[in-house]
Amino acid sequence: MSLTILVFAKQVPDTQNITGQAMKEDGTVNRAALPAIFNPEDLCALELALQLRESHGGKVVVGTMGPPGATAILRHALYMGADETILVSDRKFAGADTLATSYTLASAARRYGKFDLIVCGRQAIDGDTAQVGPQLAEKLDLPQLTYVEEVQSVEKGRLRARCLIDGGHEIAETALPALLTVVSGEQPPRPAGAKRLMQFKKAMTRSELMAKHANSNYEDANLLAEEEEALRAKRLWIHEWTAEELGTESERIGLAGSPTKVKNIESVVLAGKGFVNIPPTDQDIGKLVHELIEEHILS
Amino acid sequence: MSSKRKIGNVWIFIEQDEGRIADVSLELVCKGRDLARRLKVKTEAVLLGSEVGGLVQSLHEYGCDNVFVADHRRLRYFSALPYTRVIVDLVRQHRPNIFLFGATPTGRSLAPRVASKLLAGLTADCTELRIDDFEDKSRKQTLHDKLMQIRPAFGGNIIATIVNTWEDPQMVTVREGVMPLRDPEKGRGGAVTEVKFSEQPEDLAVKIIERSREVKSSSLKNAQIIVSGGYGVGGAAGFKLIERLAEVVGGAVGASRAAVDAGWVDHDHQVGQTGITVRPRLYIACGISGSVQHRAGMAESGKVIAINDDPEAPIFSVADYGIVGNLHEVVPKLIKAYKEK
């Protein structure tokens, strides 16, 4: 069966390799020093979706909710092989917790129309909550398989996958449409294709098209429309959906739609308890090992 | 206003498998009981499964005043749709104030679905929970006796205190090993409330074909010595060195999330807030920078040796012994020194 697969991804600050430079003097995180990246498990989700398309036919649509700059990951999705991309972006979405986010993404999925499968990464590395996937499934009334490592088959409207459970594995089957959350599997996400990179680097949203012409005398709406048409024809058009276009209820999005509020944030103080500095020499390391054995810490 | 209504009880979702209660659930019963005492309410457990009546006694002994039991063969294994339906109905009927879940794959798949249905706030992976007042500045009101949901965020570089400002329940997940487990009070009794379960067509959407529970290849949880590798190890080949040191000193192999995410070592070995919390006699951290999330999982080790070539690495803040140097040179020296002891 041919599959229409929606992949929801997130652009995240690269929190994986935070060094001293990413911390400000007052001990807070310097976001600007962290590169914005494609959330790693969402790349695994996209890879899985592309593989399913390769074996079953169909198409892969990648959506993200984020600021205008999040189009960077959508272009990357195109470089990897996505067919269509959607930016869900509006200032009104800002400050959303997972409940407001899943509501917004559910509205985007409904707006997209008919699909067979939604695939998301299990969690994003900035929040690590793993909540948006199951919440999105609930909002859309879809069955869910979480912690999916591998999809084994798709037949007769049912999908079979191997999932991680506490202390083991489970092979489970779900009716379609369904939602999967994915952990990193055997196959690493494919790199951007060089040809596709050349082809899709000019992909843009309406806002980006407007910005491109902001300083020129490009006032003729017909010309903009023509350019949009040309971009669409070349599959270079990134859909851009706002709160208004999605018809979201204002009390369910952004800060207003978020039951959880941050009371306070403490940066982690790196004041040490003071440690014994062991120089990395044979002699000093020998002495340390000897000491630990004497204290029965090593045996 | 919710603060004027009679306050609800503290609930704990009990995760069980083949007649055994998950450790994290018992830890949460202990914590839940503390919170309930503070709020002067009851501690109640929610137990779903098949032929699980035998587990009730133990839940009473750990501190539950009442156990809601939904016993049905369809509920033998966790399945998101029927479990969510049973729990959402119970919450709507009894209105708990606080609802605790273990941050296991099951808890992290179930709690969000329940929260979404109830339009309740949910905070993942809390490391600390306490009761306090909250001044909601945006709505100019003070909420009394709210659950402070404390968790590391942003790669563990900040600690955030989060509060649910909407209707109860206040829902959280908590990792295994974070809350201390107290001894049960033998013979302590309590109530049981049976919950009716009726199958629905939606329960057939997901079918479990096969289940395998592997004995954890890493016996990290109870290891007395742990040798852990991080991103600084540099690759799967480099990880062999970590394994070698662990083998020589008779320890278990641990890892930071960066090393697990890089695919150099299996997730079973991950120490930290999104992995296993450990308390060994000796913890040797090799090439681990030491995010708060990692430190949260190992800070209570007896002694910590940190090996890192960056003298500014946060791991040194929890170290008893620090070796600033290249682990590829330092670890072989440790192996050599131990063999020559």
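Which residue forms a salt bridge with A:Arg162? The partner is A:Glu149, and the closest N and O atoms of the two are 3.2 Å apart. This pair links distant parts of the chain, since A:Arg162 belongs to strand β8 of chain A and A:Glu149 to strand β7 of chain A, 13 residues apart. A:Arg162 is partly exposed, because its relative accessible area is 26%. The model in which this pair is found is a predicted one.

**Chain A as a whole**

Chain A contains nine helices and 13 strands. Its C-alpha atoms fill a box of roughly 80 × 55 × 45 Å along the principal axes. Of the 299 residues in chain A, 52% are buried. Among the contacts in chain A with a separation of 6 or more, 71% come from residues 24 or more positions apart.

**Strand β4 and its partners**

Strand β4 of chain A, residues 58-65, has six buried residues out of eight, so the strand is largely enclosed by the rest of the structure. Strand β1 of chain A, residues 3-9, pairs with β4(A) in the parallel sense over seven bridges. Within β4(A), A:Val62 stands opposite A:Val7. Strand β5 of chain A, residues 84-88, also runs parallel to β4(A), and five bridges join the two. A:Glu84 in β5(A) stands opposite A:Val61.

Helix α3 of chain A, residues 98-112, includes A:Ala106. This alanine is buried, because its relative accessible area is 1%. Apart from residues up to four places away in sequence, A:Ala106 touches A:Leu136, A:Lys139 and A:Leu140. A:Leu224, by contrast, lies 118 residues from A:Ala106 in sequence and 30 Å away in space, C-alpha to C-alpha.

**Salt bridges**

Side chains of opposite charge can pair when their charged atoms come close. Over all chains, a search of the whole structure finds 41 salt bridges. The table gives four of them.

| Residue | Partner | N to O distance |
|---|---|---|
| A:Arg190 | A:Glu47 | 2.8 Å |
| A:Glu228 | A:Arg232 | 3.0 Å |
| A:Arg162 | A:Glu149 | 3.2 Å |
| B:Lys117 | A:Glu138 | 3.7 Å |

A:Arg190 forms its salt bridge with A:Glu47. The pair links distant parts of the chain: A:Arg190 is in the loop between β10 (178-182) and α5 (194-200) of chain A, whereas A:Glu47 is in helix α1 (residues 40-56) of chain A, 143 residues apart. A:Arg190 counts as partly exposed at 22% relative accessibility, while A:Glu47 is buried at 5% relative accessible area.

The salt bridge of A:Glu228 and A:Arg232 has another setting. The two residues are about one helical turn apart, because four residues separate them in helix α7 (residues 221-233) of chain A. A:Glu228 is buried, with a relative accessible area of 15%, and A:Arg232 is partly exposed at 35% relative accessibility.

**The contact between chain A and chain B**

How many residues does each chain give to the contact? Chain A contributes 83 residues and chain B contributes 81 residues. The area buried between the two chains is about 7100 Å², with carbon and sulfur atoms giving 56% of it. On the side of chain A, A:Asp166, A:Lys263 and A:Phe275 lose the most area to chain B, together 9% of what that side buries.

The rule finds five salt bridges across the interface, along with 37 residue pairs in polar contact. The elements that give two or more residues to the side of chain A that touches chain B include α4 (132-139), β7 (144-155), β8 (158-165) and β9 (168-175) of chain A. By class, that side has 37 nonpolar, 26 polar and 20 charged residues.

Strand pairing also crosses between the chains. β9(A) and strand β13 of chain B, residues 206-213, pair in the antiparallel sense over seven bridges. Here A:Ala172 has B:Ile208 in β13(B) as its bridge partner. A network of salt bridges links A:Glu170, B:Asp17, B:Arg211 and B:Arg213.

On the side of chain B, B:Arg257 lies in helix α6, residues 257-261. B:Arg257 is buried, because its relative accessible area is 15%. Leaving aside neighbours within four places in sequence, B:Arg257 is in contact with A:Gln123, A:Ile125 and A:Asp128 of chain A, and with B:Gln270, B:Thr274 and B:Gln293 of chain B.

Technical notes: Residues numbered from 1 in each chain as written. Chains lettered and ligands numbered in written order. Predicted model: local features only at pLDDT ≥ 70, side-chain atom pairs only at ≥ 80, totals over all residues. Heavy atoms only, no water. Contact = heavy atoms within 4.5 Å. Buried area = accessible area lost by both parts, 1.4 Å probe. Salt bridge = Lys/Arg side-chain N within 4 Å of Asp/Glu carboxyl O. Polar contact = N/O pair within 3.5 Å; in protein donor to acceptor, adjacent residues only side chain to side chain. Nonpolar A, V, L, I, M, F, W, Y, C, P; charged D, E, K, R; others polar. Pairing = 2+ DSSP bridges. Buried < 20%, exposed > 50% of the residue type's maximum accessible area, 1.4 Å probe, protein only.
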